[in-house]
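Trainee: Could we go through this model together, beginning with the sheet and ending with the core?

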Amino acid sequence: MAKAKMSKKSTKIDMTAMCDVAFLLLSFFVMTSTAKVPEPLPVDTPASTVQTKLPDADLATITVGKEKVFFGMIGQDIRKDALGRIAEKYSVKFTEEETKRFSLIDGFGVPVGNLNKLISLTGEERNKEGLQPGIPYDSIDNQLNEWVLAARYATKELHNTELKIAIKADGKEEYPTVKKVIDILQKQKINKFFLVTGLRTDDF
């Protein structure tokens with residue numbers, strides 16, 4: 001007796017819906033993610049097992065490396081206000097466009113007199129190695145002290161809160177350089193600050 005022939009059903013699967021979902025997710029991640037901005041002074045931080053997240057707002061970072069000191073602030077409004085205070089302190093003028101451009105700069109390391117020139121450069125040009133000599137922080141011309149003060153006053157006035165300070169120093173930096181920065185903070189009675197380190201992966 002002959003066997004009944006079974007008709008084969010198509011195994012084709014429509015992948016259109018899955019592709020749409022994949023592209024939607026890809027588009028979402030691309031639009032919501034932020035690219036890492038190159039640092040003007042790259043440093044190799046020392047390793048640590050402590051995992052404490054830095055604040056997302058009202059934070060200023062002092063970067064120390066190669067005997068240079070750089071300064072950065074979080075918040076465009078804080079940067080604009082601090083720049084205005086520095087301009088008044090050192091009798092330097094900044095146009096509205098320069099103030100706007102400065103508010104987009106995460107960190108910098110030049111004396112106040114060279115700030116106009118730095119602002120006029122593109123982000124890639126600003127981050128060229130050796131272009132920024134660092135902010136003066138000696139006893140004769142302590143501009144770092146003035147930047148910290150300006151940022152603190154701006155944060156207090158705009159956000160009614162205290163500015164938090166983080167020190168990000170290269171692991172190979174000489175101690176006296178870091179101590180000078182800490183002394184500047186302590187003269188302003190800032191005895192609590194963050195020390196930025198890398199995560200230690202090896203167990204000792």
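**Sheet and core**

Mentor: Strand β2 (residues 59–65) and strand β5 (residues 164–169) run parallel and pair over six bridges, where strands are DSSP E runs of at least two residues, helices are H or I runs of at least four, both numbered from the N terminus, and pairing needs at least two DSSP bridges. This is a predicted model, in which local features need pLDDT of at least 70 and side-chain atom pairs pLDDT 80 or more, while totals for chains, interfaces and linings use all residues. Residues are numbered from 1 along each chain as its sequence is written, and side-chain values use heavy atoms, without hydrogens and water.

Trainee: Which strands stand at the edges of the sheet?

Mentor: The open, mixed sheet has five strands in the order β4-β3-β2-β5-β6. Two of them have a single partner strand each, so one side of each is left without a neighbour in the sheet; these are β4 (107–108) and β6 (194–195).

Trainee: Which element gives the largest share of the largest nonpolar core?

Mentor: This core has 39 residues, and Ile62, Phe71, Met73, Leu115, Leu144 and Trp147 touch the most other members; a nonpolar core joins buried Ala, Val, Leu, Ile, Met, Phe, Trp, Tyr and Cys through side-chain atoms within 4.5 Å, buried being under 20% relative accessible area with a 1.4 Å probe, protein chains only. Elements giving two or more residues include β2, β3 (68–73) and β5. The largest share, six residues, comes from α6.

Definitions and conventions. Buried < 20%, exposed > 50% of the residue type's maximum accessible area, 1.4 Å probe, protein only.
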